[in-house]
Structures are given as C-alpha cells and as structure tokens.
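Me: I would like a close look at one part of this structure, namely the aromatic pair and the nonpolar core. Please take me through it in one connected answer.

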Amino acid sequence: MGRISTQEVFMLSNSDLVPGKYEAKALSSEVQNGHLSFTGKRVLELGCGHGLPGIFACLEGAAAIHFQDFNAEVLQCLTIPNVNPNVPSFQRPALQVTKDTLLNLFSPHLYELIKKCITPSHGVVYMAAKKHYFGVGGGTRRFLSIVEKGGKLV
C-alpha cells in the first residue's frame with residue numbers, strides 16, 4: 001500500500017474534506033451577516049478537538065461554553081492548551097470541559113438531546129461533520145434523516 005497526499009485527497013470528487021473551510025470561519029460569516037449572535041448564549045461544542053468554534057463563541061460574548069469530546073486525551077492535550085492562551089482570563093465565561101458521552105453523535109439520542117436543549121423558535125444548531133464515519137457508523141446524512149422523520153426541527 002502506498003501513501004496518499006493531502007492534495008490527492010482534496011482532489012477526490014466524493015471527498016467531504018474541503019480545504020480552507022473551518023467551523024469558526026463559517027460562524028464568523030454568520031455573525032458578520034447578522035444571522036447569529038453569541039452574546040449571552042450558552043454553547044455546547046460536541047467533538048470539540050481544538051475547540052475553535054467554542055473559542056470564537058467565547059470571544060463573541062457567549063455566557064458559557066461547554067467543550068465536549070469522547071477522548072479525555074483530546075481535551076487534555078488539545079482543547080485545554082488551546083483555550084487557555086486564546087481566551088483572556090478577563091473575558092473567559094464559565095468554561096466546562098466534559099468527556100462523558102454515551103451517544104453515537106448521529107443517533108436518535110442526539111436528536112432528543114437537541115430537542116431538550118433548544119426551543120425551535122430560539123435555538124440554533126450548527127453542525128460540521130463528515131458524510132459518513134467509517135468504523136463507527138453514522139454521519140450527516142443519517143442524522144438529517146432522523147431530523148426529517150422527527151418533524152420537530154428544520
């Protein structure tokens with residue numbers, strides 16, 4: 001088996017990897033267009049990794065940020081070391097880092113959690129994910145199917 005370069009992956013027509021498209025950049029665009037405000041809001045970033053969307057929300061005035069990732073190592077080695085130097089202590093809202101998750105991110109359980117956490121007229125969910133997660137199942141297509149069948153959220 002040979003190695004494949006990042007450039008070769010980006011050239012695949014069915015790849016869901018898009019260079020230069022990051023969650024924080026998309027959120028920034030939404031804020032600039034007046035479609036989104038984080039001021040005083042509570043934010044839950046599931047599968048946070050480096051925590052860029054949560055950091056952005058914090059810098060935009062969010063009242064609380066909850067960073068969540070399945071792997072404790074990700075939180076300890078990536079999230080916390082990235083949040084601390086990028087969010088001034090005087091600007092830091094209530095930050096919580098959690099690793100306990102019992103759900104497959106694209107299961108009906110996630111849909112139920114979202115319905116409990118937001119009200120359709122006031123809550124917004126931004127999701128950045130892969131079409132399919134090999135080895136663990138699920139993906140955005142499956143989750144959208146669950147949302148459509150549920151009929152409560154758009």
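Reply: In this predicted model, buried residues account for 29% of the 154 residues in the protein chain. The chain holds 6 helices and 3 strands, which run along the sequence in the pattern α-α-β-α-β-α-β-α-α.

The structure contains 1 aromatic pair. The ring centres of Phe 38 and Phe 56 lie 6.0 Å apart with their planes at 85 degrees, and because planes over 60 degrees apart count as edge-to-face, the pair is of that kind. The pair links distant parts of the chain, since Phe 38 sits in the loop between α2 (23-32) and β1 (42-46), whereas Phe 56 belongs to helix α3 (residues 52-59), 18 residues apart. Both Phe 38 and Phe 56 are buried.

Turning to the core, the largest nonpolar core comprises 16 residues, and Phe 38, Val 43, Ala 57, Ala 62 and Ile 65 are those with the most contacts inside it. At least two residues of this core come from each of α2, α3, β2 (64-68) and α4 (72-86), and α3 gives the most, with 4 residues. Leaving aside residues up to four places away in sequence, Ala 57 touches Phe 38, Val 43, Ala 62 and Ile 65. A second, separate core has 8 residues, among them Ile 118, Phe 143, Val 147 and Leu 153. As a general matter, nonpolar side chains in soluble globular proteins tend to be buried together.

For the chain as a whole, 55% of the contacts with a separation of 6 or more are between residues 24 or more positions apart.

Notes. Residues are numbered from 1 along each chain as its sequence is written. This is a predicted model: local features need pLDDT of at least 70, side-chain atom pairs count only at pLDDT 80 or more; totals for chains, interfaces and linings use all residues. Side-chain values use heavy atoms; hydrogens and water are left out. Rings of Phe, Tyr and Trp (its six-membered ring) pair if their centres lie within 6.5 Å; planes under 30 degrees apart count as stacked, over 60 as edge-to-face and the rest as tilted. Buried means under 20% relative accessible area, exposed over 50%, partly exposed in between (1.4 Å probe, protein chains only). A nonpolar core is a set of buried Ala, Val, Leu, Ile, Met, Phe, Trp, Tyr and Cys residues joined through side-chain atoms within 4.5 Å. Contact means heavy atoms within 4.5 Å.
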